[in-house]
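Subject: Structure handover

Hello,

Here is the structure you asked about. Please open it before reading the notes under it.

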Amino acid sequence: MADDAESPTPLILDLGSATTRIGRAGEELPGTVITTEIARAGDYRFKKKVIPALDNLLEDFIKDPFYFGDAIHRVRDLLNIERFMVTNNWTALERFLEHQFNLLAIDPQQTPMIFILPAKEGATLSDRIQRLMFERFNVPKIFFVASVFCVLYTLSSDSGVVASLGNHHTVIQSILKGFESEVGPLEMDVTGERITDYLGMMIGKRHINVRASAGELQEIKEKVAIFVRDVMDALNMIDNGSTKFQFDFTLPNGESLMLDKERFLCVEPYFQPNRINSSAQPLPALIGEAIKQFGLAQRPELASKIILTGGGSIIPNIVERLDYEMKKIFPNMEVKIIAPAGREHLEWIGASQLYSKGGIGDKWIPNKNWEKRLQKAKESKDGKEERVK
Amino acid sequence: MSQKSLNFSEFVKIQMLTGQKLLRQGSHSWAEATFDEILSSLERQKDLSSKSKEYIRSLVVQAWQARIQDLNRDQSPEKWLFLCDAYHHVLFLLFQNNSFKEIAKICQSLVLSLISQKEISRETLASILDPVSEFLLKGGFRREALEIQLAMMLIRGSAKSSDTLNKLLQYLASIVLKLGLNFRPMFFYVLFDNAIDFFKLEADRSARNELVSSLIETCRNAVSLDIRDPMAQTSKFIHRFQIREVKDDFVKLVQKLEILNEFDWAFGIIRNFARLLIENGLVEEALTLSQEFSEFSIRRGFYQFGFQGYGLIGNALAERGKKNELVALWYGAARMFARSQQADLLNESIKKIDEYLDPPQTFADSQPYFETYNEIWNLKSRLGQTIEVDFWKMILFRALFEERDIKIAKLAWNSLPEAFKSKCHPTGQIEDAIANQPKPLVGKITHARLVIRLVDQQDVDIYCTSPKSEEYLEIHSPEPWNCAELEEIFSQILARQRDLELMVFGRLIYLNLPGEVRRTIRSFKSESVQVPPHLLFIMDKFSLPVGLIHDGTSFLNLKFAVSSLIGPTSLRGTSEMTQDNPAAEKLRLLFIANLNAKDPRIWDEKTQKEEPLYCLSETEEEVNDLIQFAHKYNNVESISYLIGAQATKDKILATIRELQPNILHYAGILFYVEENPGESYLLAPEGKIISLEEIFQVFEEFPVRPLLVLNVKLVSKKGDFILNAGYEAGQLGSLQSKYFLTGVLTRFAPIFNADSLALFKGFYDCLLSRKVPEIGVAVLKGGQQLVADKALQQAITMSRTLDDKETKVIHFGGDLTAASFLLFGLPWRKI
């Protein structure tokens with residue numbers, strides 16, 4: 001049951017560093033999944049401009065100089081792509097939301113919004129978003145929910161360890177009976193981005209002439225990356241002539257690329273961070289630490305609810321590998337790794353369920369100046385129309 | 001060399017295709033990366049000429065330009081996004097090559113295509129041209145830069161002050177102030193009228209004059225005070241001037257500017273003035289004026305303006321459809337540029353000839369057509385600018401019309417590009433027509449010795465002499481010798497084993513010789529029946545086997561005692577060299593063979609033991625045979641030999657010193673040192689190096705320097721066998737003049753077989769029996785004997801299979817074994 005049957009259904013936005021999910025609350029899956037990227041006409045990848053004034057022509061000829069989503073794919077090879085949630089480019093975020101609202105035919109002045117906050121830097125982000133939504137879009141009310149709670153909500157549970165393997169952050173957080181530990185979320189500097197870079201470096205070592213952009217490398221990574229239970233075993237297999245791991249594909253310039261050990265070595269830093277010169281603890285050790293933030297008696301409950309989310313959790317065989325490693329840390333405890341289907345959207349689904357079951361209640365943050373601004377906007381609109389007449 | 005460049009050209013081809021495909025798909029970055037690979041590896045290509053590099057760079061530019069053309073036809077919303085990026089790429093490539101004029105051209109056409117569109121602001125268009133003018137100024141094209149600035153003023157409707165404009169106006173003032181008062185309005189008029197050309201208007205004279213007037217108004221405020229008044233007077237000048245009245249003043253202005261060395265401006269005026277003259281029906285005068293200007297500027301060393309002047313005449317002629325005159329005009333220009341060593345302008349002129357010279361449609365047409373290309377070949381040869389198509393057209397002409405050699409003419413015809421052939425008449429006509437042609441007349445030159453000096457890209461000199469008479473004949477060929485193209489074909493034959501007969505190859509070298517040389521070789525007859533004629537080639541570098549040249553009757557090495565001298569020897573010097581030296585009574589021979597029979601060794605995985613790396617047991621057999629053979633002769637004073645592992649360095653040097661041989665024969669491995677061929681070395685069995693120079697130092701102690709016979713396989717310093725060692729053989733051969741040896745006998749393709757042994761036996765038989773003391777003649781006789789024996793064998797085999805009704809022709813083409821022997825030194829030198 002939704003909180004308020006009369007007001008329009010709120011919009012849930014999960015602004016990830018790589019992907020954004022947008023959809024009406026109460027639905028099963030987000031209606032729009034789009035990359036959190038922006039490209040601007042004139043911001044070419046090719047920087048050696050002999051006659052810079054040529055770019056002025058773009059202003060005359062191109063009406064909408066910003067590219068998002070599918071349009072970005074068409075210009076990916078031409079323009080610089082910015083992940084604006086990583087660079088904290090708020091103007092870009094504003095353009096992005098404006099574009100999405102137009103596309104989804106949503107009137108932000110009438111639509112309440114629910115934002116999912118990441119475990120890290122949630123507070124600063126919520127401040128900025130609130131200001132943007134109220135002042136720029138005049139949203140009637142807004143609600144922020146921490147991603148970790150959304151995840152637990154999907155399991156109808158209030159305890160568990162959530163390991164979120166995002167593109168820009170890898171965060172492990174343990175919640176017991178709805179309460180965070182005193183230590184707070186644990187962070188690991190092995191992220192999706194660094195894994196992509198590492199893969200790029202390994203490809204570069206093998207094929208000197210490959211010059212793939214970050215976006216293209218990420219696509220390659222999503223296609224090939226895989227976890228293995230024992231790296232040494234897999235390496236031995238390859239040395240003995242096994243072609244089990246071979247993966248061939250052709251780059252746009254016709255050069256063919258054959259990967260084998262790179263496929264599992266590129267994701268290995270989650271378990272051996274020193275491979276990419278990171279001093280972080282391996283993922284299983286961090287999860288173990290998150291569990292140990294609570295008392296001995298509560299640990300079995302947490303160990304049986306380790307939930308994986310984020311883009312990194314989709315890499316094949318991660319559950320088996322993590323299970324194998326966790327059992328080494330907690331040999332006498334029942335360890336259970338939960339990786340539900342559609343886990344890349346888990347936060348969004350959780351938020352949607354939270355709304356459906358009335359979990360938000362009266363915790364909305366109302367826009368105090370909403371009516372005043374609405375009036376003002378109406379007046380200025382009428383004024384314009386009159387002038388036109 | 002050819003192998004490498006072949007691979008590289010294939011690489012370029014593949015990358016270009018990939019790049020073009022990527023461009024069509026809109027993947028600009030990937031295309032850029034692909035092209036970058038070509039361009040960066042281009043820098044590393046040391047063997048490639050700068051002309052080829054330039055060509056490959058232009059291919060990349062063309063690919064981007066094609067992309068721009070495609071995009072211009074495109075109607076998608078993102079068209080301009082891609083178009084601007086493509087423009088950035090093209091302009092950057094051109095900027096890197098300092099092609100400022102090209103940049104100006106591209107920007108001009110872009111601006112002209114946009115100028116009618118209302119949504120584009122005038123300021124945007126002017127700001128595109130602003131840097132163009134700056135580049136032109138930087139590149140030294142001040143007149144063009146100023147014209148662009150004036151065009152910008154017309155676009156903007158006002159003069160916007162900038163550094164470039166100020167500099168250009170100052171420069172303008174400096175020119176104007178050099179001119180007399182009455183010339184100044186005329187000068188400005190032409191300047192402004194030319195600037196209006198930027199817009200490529202098809203306006204009539206009065207509309208143009210109006211534009212000029214408005215431009216004067218705009219520009220007046222920007223210029224300094226001292227030239228403001230004459231500029232104002234220009235408006236008056238426009239209204240009252242009649243071309244017939246001011247004609248002479250124009251000519252005087254041009255002359256004045258020429259004398260002031262302001263050819264750029266003189267050209268600007270000529271261009272404008274010629275147009276005015278033609279508009280008024282004074283075509284002849286326009287042409288004469290342009291012709292005078294071109295010739296004058298070429299004489300003064302302003303070749304580019306000379307070319308542009310020819311261009312003006314060319315355009316005027318082209319408008320009137322006078323193709324023959326156009327060809328004649330550009331041929332004249334090409335000759336001028338070839339004489340003044342202007343390779344680029346020569347090529348440009350030849351491009352124009354290509355454009356206007358129609359491919360022949362009848363057999364009668366083909367003679368003048370291919371004759372023109374024969375001349376073009378000669379012009380291009382002087383500057384080393386020839387390409388393969390030129391080569392085959394030249395060969396076709398010489399084979400067909402000078403030598404009447406249908407076989408080679410056919411080969412040349414087949415080698416011409418299909419695109420060209422499809423425009424010509426069918427080949428059948430040529431064959432029919434040639435069948436009835438008489439053979440060329442053969443003259444008669446009777447001397448004993450023929451010396452031909454061949455220096456790449458230079459005229460050929462021929463010197464015919466007799467040892468005992470004072471009379472001599474000196475012939476100078478006005479056509480140059482070109483070796484580069486032949487070298488290419490030669491390396492193709494041996495490296496790629498292209499299907500080309502030895503005789504055809506010999507004919508190709510022969511046809512490449514200038515007509516005068518061919519006539520001399522054909523007409524040359526020896527004075528006496530007993531003495532075979534001597535033929536000496538003096539060459540700047542050796543890479544072609546001259547013995548293989550086939551004059552239509554025989555290979556030269558089977559007809560002449562051929563030898564070569566490498567280096568800058570002059571023809572005059574050879575008169576002294578033709579003096580004979582006395583022959584020795586008895587000969588001392590030293591044979592050295594197969595020094596590396598046991599060492600160095602390499603582990604062989606198959607046999608599981610160490611195997612010698614450079615063991616040539618054939619050489620041992622060859623030398624043993626020769627030693628036994630030489631023992632029969634009474635004129636041999638002594639024969640010594642050092643074979644295999646026993647011959648240490650000390651032993652070899654001591655033996656040479658003690659024996660003082662007349663002939664030192666070495667068969668085996670020679671390590672070739674590219675940087676200094678004199679340091680090329682034999683590897684003694686104990687691992688010590690014996691360089692050729694060390695041996696030559698021992699020779700210096702002798703009263704008479706020996707003949708060095710090298711039947712060697714050449715190995716590079718890295719230990720790889722050198723194939724097609726023509727150039728290396730030449731380098732080794734040239735040591736004979738440096739160390740005053742009697743001669744060096746070596747070969748470009750080492751063969752250790754029965755034929756090779758037979759040839760050596762023939763050679764030693766002549767020398768040791770003292771029937772023939774000259775080394776060149778001994779080699780000739782050896783070769784002739786070998787070929788005769790082979791022909792006899794062939795005839796016997798044939799006769800066995802011959803029945804009564806059938807007749808078979810014995811065709812004996814030539815023999816590579818014989819041809820591979822090269823004598824460096826004077827063929828008449830005795831031993």
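This is a predicted model: local features need pLDDT of at least 70, side-chain atom pairs count only at pLDDT 80 or more; totals for chains, interfaces and linings use all residues.

Chain A against chain B

The size of an interface is often expressed as the accessible area lost when the parts come together. Between chain A and chain B, the buried area is about 3200 Å², and carbon and sulfur atoms give 69% of it. Of the area that chain A buries against chain B, 22% comes from Phe46(A), Val50(A) and Phe61(A), more than from any other three residues. The contact involves 32 residues of chain A and 39 residues of chain B.

Polar links are also found here. Five residue pairs are in polar contact between chain A and chain B, counting pairs with both residues at pLDDT 80 or more. On the side of chain A that touches chain B, helix H1 (56-61) and helix H2 (69-75) of chain A each supply at least two residues. H1(A) gives the most to that side, with five residues. Sorted by class, the side of chain A that touches chain B has 18 nonpolar, five polar and nine charged residues.

Two helices in chain B

Two packed helices are described by the angle between their axes and the distance between the axes. In chain B, the axes of helix H20 (residues 406-415) and helix H24 (residues 502-512) come within 11 Å and cross at roughly 85°. H20(B) and H24(B) are therefore roughly perpendicular to each other. H20(B) makes the contact with Lys407(B), Ile408(B) and Leu411(B), while H24(B) uses Val504(B), Arg507(B), Leu508(B) and Leu511(B). By class, this contact of H20(B) with H24(B) has five nonpolar, no polar and two charged residues.

Salt bridges

Side chains of opposite charge can pair when their charged atoms come close. Over all chains, the whole structure has 48 salt bridges. Between chain A and chain B the count is one: the side chains of Arg74(A) and Glu78(B) meet at 3.0 Å, N to O.

Within chain A, Asp77(A) forms a salt bridge with Arg45(A), with the closest N and O atoms 4.0 Å apart. This pair links distant parts of the chain, 32 residues apart. Asp77(A) is in the loop between H2 and helix H3 (84-87) of chain A, and Arg45(A) is in the loop between strand E4 (39-40) and H1 of chain A.

Regards

Technical notes
Residues are numbered from 1 along each chain as its sequence is written. Chains are lettered from A and ligands numbered from 1 in the order in which they are written. Side-chain values use heavy atoms; hydrogens and water are left out. Contact means heavy atoms within 4.5 Å. Buried area is the accessible area (1.4 Å probe) that two parts lose on being put together, summed over both. A polar contact is a pair of N or O atoms within 3.5 Å; within protein, one must be able to donate a hydrogen and the other to accept it, and residues adjacent in sequence count only if both atoms are side-chain atoms. Helices (H or I, at least four residues) and strands (E, at least two) are DSSP runs, numbered from the N terminus. Ala, Val, Leu, Ile, Met, Phe, Trp, Tyr, Cys and Pro count as nonpolar, Asp, Glu, Lys and Arg as charged, and the others, Gly among them, as polar. Axes are lines fitted to C-alpha atoms, for helices over the stretch in contact, and angles run from 0 to 180 degrees between N-to-C directions. Angles under 35 degrees count as roughly parallel, over 145 as roughly antiparallel, 65 to 115 as roughly perpendicular and the rest as oblique.
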